[in-house]
Amino acid sequence: MVEVTVTPQSSLADRQVQVRVRGLSPSQLVTLRAWLKDEHGQCFQSRAFFRADEAGEVDPGHHAALGGSYSGVWPMGLFWFLQPDTLFRRLVKRDVAGSPFLVRLEVFDGLWLGTDLQEQPLGACEAERWYVGPGVQRVPIREGRVRGALFLPP
């Protein structure tokens with residue numbers, strides 16, 4: 001049974017997380033994909049190809065991606081290289097205090113380019129990426145021509 005984990009599962013968007021895949025065959029070639037839908041329903045995704053180690057594990061923080069959205073060792077590469085499905089879209093979080101981005105991580109056998117929408121992943125999990133920590137208060141600022149927001153810690 002293939003298991004995909006993100007530790008911690010819920011974190012602030014600027015904090016590093018550890019992504020791991022376990023339960024693969026030794027030296028198995030897999031595609032790790034991350035995707036999310038923004039507040040307008042637009043899809044952003046990234047993918048990286050990996051070869052599992054002798055224990056049947058993949059850790060983007062220690063194993064180099066062989067290609068895809070990026071190559072090399074990038075612990076947060078799947079999050080940093082998210083690209084829109086629709087050209088000229090930007091990933092922007094409007095409701096920073098009310099809800100997180102829910103990033104779905106999936107692992108597929110072989111080099112998966114996303115052409116077969118019926119194919120089921122070997123394993124998957126979801127990560128919450130918050131932009132405001134618990135108890136932080138957002139105060140809108142409007143003074144003359146100045147507009148902004150002040151974020152006060154608990």
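A salt bridge is a side-chain nitrogen of Lys or Arg within 4 Å of a carboxyl oxygen of Asp or Glu. By this criterion, six salt bridges are found in the whole structure. The model is predicted, with local features requiring pLDDT of at least 70, side-chain atom pairs counted only at pLDDT 80 or more, and totals for chains, interfaces and linings using all residues. Residues are numbered from 1 along each chain as its sequence is written, and side-chain values use heavy atoms, with hydrogens and water left out.

The protein contains one helix and 11 strands (DSSP runs, H or I of at least four residues for helices and E of at least two for strands, numbered from the N terminus). Their order along the sequence is β-β-β-β-β-β-α-β-β-β-β-β. The C-alpha trace spans about 60 × 35 × 25 Å along its principal axes. Of the 154 residues, 38% are buried (under 20% relative accessible area, with exposed over 50% and partly exposed in between; 1.4 Å probe, protein chains only).

Glu57 and Arg20 form a salt bridge with their closest N and O atoms 2.5 Å apart. This pair joins distant parts of the chain, 37 residues apart: Glu57 lies in the loop between β5 (43-51) and β6 (67-68), and Arg20 in strand β3 (residues 18-22). Arg20, Arg22 and Glu57 are linked in a salt-bridge network.

Asp14 and Arg15 also form a salt bridge, at 3.8 Å from N to O. Asp14 is exposed, at 61% relative accessible area, and Arg15 is partly exposed, at 47%. In the salt bridge between Glu106 and Arg104, the closest N and O atoms are 3.4 Å apart. Glu106 is buried at 8% relative accessibility, whereas Arg104 is partly exposed at 29%.
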